[in-house]
Amino acid sequence: MSKKRPVAVALAGALCLATAACADSSADRPGGTGAGAAADAARSGYPVTLDNCGVSEKFDKPPSRVVVMNGASVAEVSTLLSLGLGDRVVANQQSYGMSEVPGRVKAIKALPTGNVEVNDAYDIPREAMIGLRPDLVLSTTSYGFDAKNGFATRDQLEQAGAGTYVSPQGCTQDTSGMTIADSYTLLRDLGKIFAVSDRAERLIAASEKHIAGVSAKVEGTKRPRVMVLFSNMAMGGNDFSSVVAKGIYNDILAKAGGTNAFASASRTSFADLSKEKVAATDVDALVVIGYNDPNPAAYARKLLKEFPQWPAARNHTYVTLSDSMYLGPSNDLAVEKIARMLHPDRF
């Protein structure tokens, strides 16, 4: 079943190690409106300047009217929520419908959408964006600021008083080189922009510790060959056009003690494979990512039945995941779930 959303553009992304949806409501927090706001900004080291995709972005205070573009991702909204910044969002177009993080789906659903009428790319067109009066717009890739797509450009948004930010690896829209470190960069950058770097560093440290502990448990084990793909999704002309070849997925697999069975099948993030190519490859385990699919496990079982020659089919070895396989603050959860599937005797 083919999806209409711009999946191939930004399946890079999205969740988090903490479940709080909003920061403390005190007016004296950084970015608040109370008497301590100016002092907070000074103590936090404003102005903050970031070089982002060759654009110098300067922030004199924490943004308070944030717009999160869709981009077929949940990386940005999840990172904001993990940092306790949900109350800064005036319009969010990202949603996933499932998450490895308890409470995350509900927290995203509770955010305002800005009552925007989206365009054919399921995102915010230029006029509607300007009308939202944002002071920061987040986009997974540079696609979200491309005038050819009907979006407000970074220059236009600057003239309207809004800062802009493209997430790591999104400058060229080629996410094949993405790693877990890019999820940490996203956390750090937003931490700086909003003067909550301490929160960002705590989340990063917790994730690094979690992943290191899992990796230590599976060290020295044989690395099973894993097929990673999206359930019920077509992005090309063949039967298997949503098979992962490169990107953050491979970094997650490696830290979980596995390897991508189709890493050499494409130079880009996704391979477009024939059924014959898939059948001829030994697959020891499946990782099925559910994107707008309410039952990815059913898809996994269907594949195992379709290819009974796979070791994965003989051993019924699969796991389903959602947002933790994307750019975002919950990659450690994916590492552990995959490691437990591949090396159950180590846990």
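Q: Given that helices (H or I, at least four residues) and strands (E, at least two) are DSSP runs, numbered from the N terminus, in which loop is Gln169 found?
A: In this predicted model, Gln169 sits in the loop between E6 and H7.

Q: Why are Gln169 and Gln173 called partly exposed?
A: The class lies between the buried limit, under 20% relative accessible area, and the exposed limit, over 50%. Gln169 has 31% relative accessibility and therefore counts as partly exposed. Gln173 has a relative accessible area of 32%, so the term partly exposed applies to it too.

Q: Why are Cys53 and Cys171 called a disulfide?
A: The criterion is a pair of cysteine sulfur atoms within 2.5 Å. The sulfur atoms of Cys53 and Cys171 are 2.0 Å apart, and the pair forms a disulfide. The structure holds 1 disulfide.

Q: What do Cys53 and Cys171 tie together?
A: Cys53 belongs to the loop between strand E1 (48–52) and strand E2 (55–59), while Cys171 belongs to the loop between strand E6 (163–166) and helix H7 (180–193); the pair therefore ties together parts that are 118 residues apart in sequence.

Q: Why is the disulfide of Cys53 and Cys171 called left-handed?
A: The torsion about the S-S bond is about -85 degrees, so the disulfide is left-handed.

Q: Are Cys53 and Cys171 buried, exposed or partly exposed?
A: Cys53 has a relative accessible area of 32% and is partly exposed. Cys171 has a relative accessible area of 38% and is also partly exposed.

Q: How do you know whether H7 and H8 are roughly parallel or roughly antiparallel?
A: The axes of H7 and helix H8 (residues 197–218) cross at roughly 165 degrees and come within 7 Å. Angles over 145 degrees count as roughly antiparallel, and H7 and H8 are therefore roughly antiparallel to each other. H7 passes H8 in a right-handed crossing.

Q: Which residues make the contact of H7 and H8?
A: On the H7 side they are Ile180, Tyr184, Leu187, Arg188, Gly191 and Lys192; on the H8 side they are Ser197, Ala200, Glu201, Leu203, Ile204, Ser207, Glu208 and Ile211. By class, this contact of H7 with H8 has 7 nonpolar, 3 polar and 4 charged residues.

Q: What makes helix H3 (residues 75–82) mostly covered?
A: Of its 8 residues, 8 are buried. They are Ala75, Glu76, Val77, Ser78, Thr79, Leu80, Leu81 and Ser82. The buried residues of H3 pack against strand E3 (66–68), strand E4 (89–92), helix H4 (104–109), strand E5 (136–139), H7 and H8. Just after H3, Gly84 takes a positive phi of about 75 degrees.

Q: Why is Val77 called buried?
A: The limit is under 20% relative accessible area; Val77 has 0% and is therefore buried. Leaving aside neighbours within four places in sequence, Val77 is in contact with Val68, Asn92, Gln94, Ile108 and Leu111. The C-alpha atoms of Val77 and Val67, which are 10 residues apart along the chain, are separated by 9.4 Å.

Q: How do you know that Pro224 counts as buried?
A: Its relative accessibility is 15%, and the limit for buried is under 20%. Pro224 is placed in the loop between H8 and strand E7 (225–230). Not counting residues up to four places away in sequence, Pro224 touches Gly257, Gly258, Thr259, Asp284, Leu342 and His343. Pro224 and His343 are 119 residues apart in sequence, and 9.1 Å apart in space, C-alpha to C-alpha.

Q: Why is Thr317 called buried?
A: Thr317 has a relative accessible area of 15%, and buried means under 20%. Thr317 is found in the loop between helix H12 (311–315) and strand E12 (318–321). Apart from neighbours within four places in sequence, Thr317 is in contact with Asp284, Ala285, Leu286, Leu304, Ala312 and Met341.

Q: What is omega for the cis peptide bond of Tyr46 and Pro47?
A: Omega is about 5 degrees for the cis peptide bond that joins Tyr46 and Pro47. Pro47 is found in the loop between helix H2 (37–43) and E1.

How values were computed. Residues are numbered from 1 along each chain as its sequence is written. This is a predicted model: local features need pLDDT of at least 70, side-chain atom pairs count only at pLDDT 80 or more; totals for chains, interfaces and linings use all residues. Side-chain values use heavy atoms; hydrogens and water are left out. Buried means under 20% relative accessible area, exposed over 50%, partly exposed in between (1.4 Å probe, protein chains only). Axes are lines fitted to C-alpha atoms, for helices over the stretch in contact, and angles run from 0 to 180 degrees between N-to-C directions. Angles under 35 degrees count as roughly parallel, over 145 as roughly antiparallel, 65 to 115 as roughly perpendicular and the rest as oblique. A crossing is left-handed if the near helix is turned anticlockwise from the far one by less than a right angle, and right-handed if clockwise. Contact means heavy atoms within 4.5 Å. Ala, Val, Leu, Ile, Met, Phe, Trp, Tyr, Cys and Pro count as nonpolar, Asp, Glu, Lys and Arg as charged, and the others, Gly among them, as polar.
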